[in-house]
Amino acid sequence: MQRMALVTGGTRGIGRAISVALTGAGYRVAANYVGNDEAARSFTRETGIPAFRFDVADFDSCEVGVKQIAGQLAPIEILINNAGITRDGMLHKMTPQQWQEVIATDLTSCFNMCRVVIEHMRERGFGRIVNISSINGQKGQMGQVNYSAAKAGELGFTKALAQEGARAGITVNAICPGYVNTEMVQAVPKDVLEKSILPQIPIGRLGEPEEIARCVVFLASDDAGLITGATLTANGGQYFA
Ligand code: CAA
């Protein structure tokens, strides 16, 4: 019986690579997205993976979305909390909206999604949760107090839920990617990326989404049952947590 996985923000960027890699590893996969219908349609056309539209920042939407997936496909056994946004700016220029949007989409989403899948995982005595955090949650990043706080919050969330889930067969881990070649990083001003960020990466290049996806496949596997509450750092040597 194929295990059922859900990847939030799973139609673009790192999430897309995760959806594709999990499918390749033999899982049944659903991808969530919120805004870009066109990208979701071409994703499904190209990969055959169904996409479900709901807002992970909103608890009620998560409940509806997860029910829909369980009804149409199967109950979720593997949850990858990947959806995330940036609203960069120095604190002295940041608006409350920039703060709230990032906290809601990047951190509150983990509560929302885990809350709606956890009871079923506990009943079955099996679950895999992987939270995609960031190097910037580990080290902090100028211009990102909102994102750094949300991503650091995910690490505490991961460690707490790992303790709760252990006896129920549920592992909860985090991955901290460094700067990865996606639209999110391409949106960083070019001179900042080339002059300030790339020189800080010892391997001399951005990560590729598939490199993060392979970490997810490992943590999602039945074989990774001993690993829980861990933070897997994948950043080309830019920062050692
Ligand atoms: N690393 C190092 N230095 C940085 C930096 C970074 N990430 N971002 C900005 N700086 C430096 C700039 O090079 C600049 O230095 P100089 O004064 O020496 O030229 C200084 O900070 C001020 O920057 P700006 O002139 O750009 O100031 P601004 O107010 O116009 O914009 C900003 C500030 C919005 C933070 C803009 O610089 C920016 O978008 N920076 C990128 C921030 C960043 O790293 N975001 C990560 C996005 S990718 C991501 O988040 C995925 C992930 O998980 C890793």
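**Terms and their grounds**

Mentor: In this predicted model, Leu-6 stands opposite Leu-79 in strand 4.

Trainee: What makes strand 1 and strand 4 a pair?
Mentor: Pairing requires at least two bridges. Strand 1 (residues 4-7) and strand 4 have 3 bridges in the parallel sense, so they count as paired.

Trainee: How do you know that strand 4 and strand 5 pair?
Mentor: They are joined in the parallel sense over 4 bridges, and Ile-80 stands opposite Val-130 in strand 5. The chain reaches strand 5 (residues 127-132) from strand 4 through helix 4 (residues 96-124), in a right-handed β-α-β crossover.

Trainee: Which residues cover the two faces of strand 4?
Mentor: Ile-78 and Ile-80 lie on one side, Leu-79 and Asn-81 on the other, and all are buried. In a regular strand, side chains alternate between the two faces of the sheet.

Trainee: Why is Val-145 called partly exposed?
Mentor: Its relative accessibility is 36%. Buried means under 20% and exposed means over 50%, so Val-145, at 36%, counts as partly exposed.

Trainee: Why is Gly-48 called exposed?
Mentor: Gly-48 has a relative accessible area of 58%; the term applies over 50%, therefore Gly-48 is exposed. Gly-48 sits in the loop between helix 2 (37-47) and strand 3 (51-53).

Trainee: How far apart are Gly-48 and Trp-99?
Mentor: They are separated by 51 residues in sequence and by 36 Å in space, C-alpha to C-alpha.

Definitions and conventions:
Residues are numbered from 1 along each chain as its sequence is written. This is a predicted model: local features need pLDDT of at least 70, side-chain atom pairs count only at pLDDT 80 or more; totals for chains, interfaces and linings use all residues. Side-chain values use heavy atoms; hydrogens and water are left out. Buried means under 20% relative accessible area, exposed over 50%, partly exposed in between (1.4 Å probe, protein chains only). A crossover is right-handed if, with the strands pointing away from the viewer, the path from the first strand over the helix to the second runs clockwise.
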